[in-house]
Every structure is written in C-alpha cells, then in structure tokens.
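Here is a short tour of the model, written to be read with the structure open beside it.

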Amino acid sequence: DFHEDQFDFHMYCIRKVTLRSYCKLLKFEDELWGLPHYGKAAEETIKIHLQMADHPSLMKNEDEEPDYSKMTPAERKKAKNIARKKKKAKAAAAPGASS
C-alpha cells in the first residue's frame, strides 16, 4: 500500500538521517494534490466507481458459470448445453482458430 510505504520511508529517513531524500518526499507530497494528472485520475476513478454502483449488471462476467445447484435437472442440462455452445462459438471466433 502506498501510504504504508510512505510511513516506512518516513521512519527509514528518520532512522538513517537521510535528510535530502526526506525533504524531496515531503515536497513531492505537497505538490502531488495539485498535479493535473492526479486530479484527472481521481475524477475518472470516481466516474468508474459511480458507474459500477449504478449499473452492477455491467460487472457481470460472461464466462462465469451459473449456479447449477439451484436448478432442476432439466434446467441444468439446458444451461450446460448453452454454455457449451457459447464456448464452442467463442473458440471458433478466436483468431488463429482452425476449422
């Protein structure tokens, strides 16, 4: 974690008395929040998290298998056939797939 690394670096600098490196780190921390790249990255991160919260269906993994334990034997068989067909179609559509 970045914050833990910073804390460790503070302790290291105090212990080893590397004042120049310590001052550079403090200056970097002071300037970090004002960098345009930092603001843009934070803004985009917030947008992504809000979109994930508003639309959880976007997070669904298509390759994820359904929960077969909650299905009847007929539903399970049908779901497995559909999954097998999807897997086969995906393999055929993949680049370099031979027919």
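## An aromatic pair

Trp 33 counts as exposed, at 59% relative accessibility; here buried means under 20% relative accessible area, exposed over 50% and partly exposed in between, with a 1.4 Å probe and protein chains only. Before going further, please note that this is a predicted model, in which local features need pLDDT of at least 70 and side-chain atom pairs count only at pLDDT 80 or more, while totals for chains, interfaces and linings use all residues. Residues are numbered from 1 along each chain as its sequence is written, and side-chain values use heavy atoms, with hydrogens and water left out.

How many aromatic pairs are there? The count is one aromatic pair. The ring centres of Trp 33 and Tyr 38 are 5.0 Å apart and the planes meet at 80°, so this pair is edge-to-face. For the rule, rings of Phe, Tyr and Trp (its six-membered ring) pair if their centres lie within 6.5 Å; planes under 30 degrees apart count as stacked, over 60 as edge-to-face and the rest as tilted. Tyr 38 is partly exposed, with a relative accessible area of 31%.

## The overall fold

The protein has four helices and zero strands, and its elements run α-α-α-α from the N terminus on. These elements are DSSP runs numbered from the N terminus, with helices being H or I of at least four residues and strands E of at least two.

Of the 99 residues, 9% count as buried. The accessible surface comes to about 9,300 Å², and 59% of that belongs to carbon and sulfur atoms. Accessible areas come from the Shrake-Rupley method with a 1.4 Å probe, and for residues only the protein chains shown count as cover.

Which residues form the network of salt bridges? Lys 40, Glu 43, Glu 44 and Lys 47 are linked in it. A salt bridge is a side-chain nitrogen of Lys or Arg within 4 Å of a carboxyl oxygen of Asp or Glu, and the count by this rule is three. Glu 44 bridges to Lys 40, with the closest N and O atoms 3.3 Å apart. Glu 44 also meets Lys 47, at 3.6 Å from N to O, and Lys 47 in turn pairs with Glu 43 at 3.5 Å.

The spacing along the helix is worth a look. Glu 44 and Lys 40 are four residues apart in helix α3 (residues 36-54), and so about one helical turn separates them. Lys 47 and Glu 43 are likewise four residues apart in α3, while Glu 44 and Lys 47 are three residues apart, again about one turn. An α-helix has 3.6 residues a turn, so residues three or four places apart point the same way.

Helix α4 (residues 73-93) has 21 residues and reaches 30 Å from its first C-alpha to its last. That is close to the 30 Å expected, the expected span being 1.5 Å times one less than the number of residues. Is α4 covered or uncovered? The helix is hardly covered, with one buried residue among its 21.

Lys 80 lies over the face of Tyr 68, at 5.2 Å from the ring centre. A charge sits over a ring if NZ of Lys or CZ of Arg is within 6 Å of the ring centre and within 35 degrees of the ring normal.

## A nonpolar patch

Phe 7, Met 11 and Ile 14 make a nonpolar surface patch of about 320 Å². Patches are made of residues with over 30% relative accessible area and no salt bridge; like charges are joined within 9 Å, and nonpolar side chains (Val, Leu, Ile, Met, Phe, Trp, Tyr) within 5 Å. Met 11 lies in helix α1 (residues 2-16) and counts as partly exposed, at 39% relative accessibility.
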